[in-house]
Amino acid sequence: MAADQHVVAVDVGGTSIKAALVDRDLRAVEVLREPTRRVGEVADVGQIAELVNRLAEQCAARGCRVVGAGIAVPGIVDDDLGLVRAAVNLGWVDVPLREELEKGTGVPLLVRHDVRTGGLAEFTVGAGKGAADAMFMPVGTGIAAAVQVDGRMLGAAGYAGEIGHVVVDPGGAVCGCGTQGCLETLAAAPAFARRYAERTGRTVSDAAGVAALLATDPDARAVWRDAVDALATALLLAVTLFGPAVIVIGGGVAEAGEALVGPVREELLSRLRFQRRPEVVRAALGQDAGRVGAALLGWQAAGEPVR
Ligand SMILES: [Zn+2]
């Protein structure tokens, strides 16, 4: 392998797109960030190709060459086909993203669901490093999971891992998906402030605002406890089905500190009977998980996977 090879890692979001030129040691040597460009409601695929091409030019100016790219996308994403079936906050339905971007860039690339991309990073170089059976579950605006079994990430044509829509509270609040009582209605970031306000009539900014009241406010503790119980219920199901040795919890709510991961670990472990007892740990890569995972995909696309 020549030392002058790099890959491009792209993290596509509804509000912004981050693209980085990344070396073999997974260090970002150039980073670009732009607001997501839209044509009407629909995010412009051409913008992603432009970012890849611009980083390839910058690479050439440094005397290096881009040999692959990895693209992390939210929504229902068929990783094998590089097909985005549906991405609500990008306005995409059945977009053959890999094909369009390969045409627009001439760079071999892989497209993957953003949570599975983060999982790839955590399972390769992060908190789940080396585990053949592992789960990554970011708790943020939404909740989803990357599930790896026997060293293989479960994709199921894009439909695997939607743990946020496991019903944990039958008859409970209506979820964005239309079902009542999904995990997200109790434990996704927006649920904390909403449930605290419903209970008390008082406003807090967000989940961190509820966390800040835990020492002094029984209502905050009750809201937090419901979220912990809901997460433990969903994880018990996942542990029973998939037998992970490591569960990596990430996302904005987990990054608030041990207030989430510690109690979830304790509650989950107390409910296990015959099941495998997983380690339950906080994510190691934080906001970088998408970029690192996309870079790992880029090296895979180049035929030189980093292990
Ligand atoms: Zn739902």
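Predicted model: local features only at pLDDT ≥ 70, side-chain atom pairs only at ≥ 80, totals over all residues.

Biologist: Okay, which domains is the chain divided into?

Modeller: There's domain 1, covering 5–114 + 287–301, and domain 2, covering 127–284. Their C-alpha centres lie 28 Å apart.

Biologist: And how many residues are in contact between domain 1 and domain 2?

Modeller: Eight residues of domain 1 touch seven residues of domain 2. About 610 Å² gets buried between the two domains, and carbon and sulfur atoms give 53% of that. On the domain 1 side, Ile76, Arg85 and Gln287 supply 49% of the area buried against domain 2, more than any other three residues.

Biologist: Which strand gives the most to the side of domain 1 that touches domain 2?

Modeller: That's β7, with three residues. Both β7 (76–78) and β10 (109–113) supply at least two residues each. By type, that side of domain 1 divides into two nonpolar, three polar and three charged residues.

Biologist: Switching topic: how many salt bridges does the whole structure have?

Modeller: A search finds 20. The general idea is that side chains of opposite charge can pair when their charged atoms come close. One of the salt bridges joins Asp226 and Arg195, with the closest N and O atoms 3.0 Å apart.

Biologist: Where do Asp226 and Arg195 lie?

Modeller: Asp226 is in helix α7 (residues 218–242) and Arg195 is in helix α5 (residues 189–200), so the pair ties together parts that are 31 residues apart in sequence.

Biologist: Is Arg195 buried or exposed?

Modeller: Arg195 is buried, because its relative accessible area is 18% and the cut-off for buried is under 20%. Asp226 is partly exposed, at 29%.

Biologist: What about Arg271, which side chain does it meet in a salt bridge?

Modeller: Arg271 meets Asp229, at 3.7 Å from N to O. This pair links distant parts of the chain, with Arg271 in helix α9 (residues 258–271) and Asp229 in helix α7, 42 residues apart. Arg271 is partly exposed, with a relative accessible area of 23%, and Asp229 counts as partly exposed too, at 24%.

Biologist: Which residues are linked with them in a network of salt bridges?

Modeller: The network links Arg225, Asp229, Glu267 and Arg271.

Biologist: Last one: is Arg152 buried or exposed?

Modeller: Arg152 counts as exposed, at 64% relative accessibility. You'll find Arg152 in strand β13 (residues 152–153).

Methods
Residues numbered from 1 in each chain as written. Heavy atoms only, no water. Domains from an automatic or database assignment. Contact = heavy atoms within 4.5 Å. Buried area = accessible area lost by both parts, 1.4 Å probe. Helix = DSSP H or I, 4+ residues; strand = E, 2+ residues; numbered from the N terminus. Nonpolar A, V, L, I, M, F, W, Y, C, P; charged D, E, K, R; others polar. Buried < 20%, exposed > 50% of the residue type's maximum accessible area, 1.4 Å probe, protein only. Salt bridge = Lys/Arg side-chain N within 4 Å of Asp/Glu carboxyl O.
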